[in-house]
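Please have the model open while reading.

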Amino acid sequence: MGKKVTVVGAGFYGSTTAQRLAEYDIFETVVLTDIVEGKPEGLALDMNQSRAIEGFETKVVGQTTGKNGEGYEAIAGSDVVVITAGLPRKPGMSRMDLLEVNAGIVRGVAENVAKHAPNAVIIVVSNPLDEMTALAQIATNFPKNRVLGQAGMLDTARFTNNVAEALNVPVASVKTLTLGSHGDTMVPVPSRCTVDGKPLTDLLPADKIEELVVRTRNGGAEVVALLKTGSAYYAPSAAAARMARAVAEDSGAVMPVCAWVDGEYGISGVYLGVEAEIGAEGVKKVVETALTDAELADLKTAAEAVRGKQADVANL
């Protein structure tokens, strides 16, 4: 115990992430912040009242923050900060439509994190994900290994679920992987997909696998279209919480995340969805996996698409 984690943004995504982190019962404190007065305090009180029922001791602290950084002293000493702040998508919106408005929000948050929790590992989940991760690193000036983004965990989980449903098998029997960007240049990796150890390509025809790939790529939009008033948060919060746990426990778990790539796969100088070993310092190392020529080409295409947009955010 003794560890402290902060979740910035008390919307559905942030509050569910805070709840998951508290229920792990590995942190002394979970701090939940928001700009809506009283909201994080109310949610924290509610979560604390669940402790006796769920049997965890982690204390949840709610803190309203102001636009000039008021309240951020509550995050002091955080080992991990999860940034969920920003507007969610509405039906018909792409992740990129959120770029300018969320850039201002994420930059402000990142600057306050750098000021009050200078040793934290930052996990970014605000969209557009790859660009916001790059922006958070620029705004904090933290070492690049200490700023990472959550996307690959979620996209891989969606791919796994899609395969399990298509084949009517337990999700635990399915292993999948997605790399690349969180968006149009997402790179699901069918060559790394297995069901009970058997290659997915032995179990489904190529056109059916492609359908599952497309559904995975559009997974967020599918949820948004059904909800109509917000975006996914149960699966995304599970992914962010697992990443924060890997940092807190210094576990060395290998997870698909948005990480700084510097030479791996022949790609350099960009935040991109890759597999990485996660520990107390954030990304311990990027783990290269065997890809087919086509998958590697797609990953390089994704890197170039993201690179241009990440260059733009430096000025937002």
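**Helix crossing, pocket and cavity**

The crossing of α6 and α10 is right-handed (left-handed would mean the near helix is turned anticlockwise from the far one by less than a right angle, right-handed clockwise). This is a predicted model, in which local features need pLDDT of at least 70, side-chain atom pairs count only at pLDDT 80 or more, and totals for chains, interfaces and linings use all residues. Residues are numbered from 1 along each chain as its sequence is written, and side-chain values use heavy atoms, with hydrogens and water left out.

**The α6–α10 contact**

- Helix α6 spans residues 152–167 and helix α10 spans residues 234–248. Helices are DSSP runs of H or I with at least four residues, strands are runs of E with at least two, and both are numbered from the N terminus.
- The two axes come within 8 Å and cross at roughly 130 degrees. That makes α6 oblique to α10.
- Axes are lines fitted to C-alpha atoms, for helices over the stretch in contact, with angles from 0 to 180 degrees between N-to-C directions. Under 35 degrees is roughly parallel, over 145 roughly antiparallel, 65 to 115 roughly perpendicular, and the rest oblique.
- From α6, Met-153, Leu-154 and Arg-158 meet Ala-235, Pro-236, Ala-239, Arg-242 and Met-243 of α10 (contact: heavy atoms within 4.5 Å).
- By class, this contact has six nonpolar, no polar and two charged residues. Nonpolar covers Ala, Val, Leu, Ile, Met, Phe, Trp, Tyr, Cys and Pro; charged covers Asp, Glu, Lys and Arg; the others, Gly among them, are polar.

**The second largest pocket**

- Its volume is about 350 Å³. A pocket, on a 1 Å grid over the protein atoms alone, is an open set of points with protein on both sides within 12 Å along at least five of seven lines; lining residues have an atom within 4 Å of a point.
- Grid points are joined across faces, edges and corners, and a volume is the space filled by probe spheres set on the points.
- The pocket has 19 lining residues, with Met-153, Thr-156, Ala-157, Thr-160 and Pro-256 nearest its centre.
- Helix α6 supplies the largest share of this lining, five residues.
- The lining divides into 11 nonpolar, four polar and four charged residues.

**The cavity**

- There is one cavity of 30 Å³ or more (cavity: a set of points where a 1.4 Å probe fits but cannot get out).
- The largest cavity holds about 40 Å³ of space.
- Its lining includes Asp-130, Asp-155, Ser-181 and His-182.
- Strand β8 gives the most to that lining, with three residues.
- Two nonpolar, six polar and two charged residues make up the lining.
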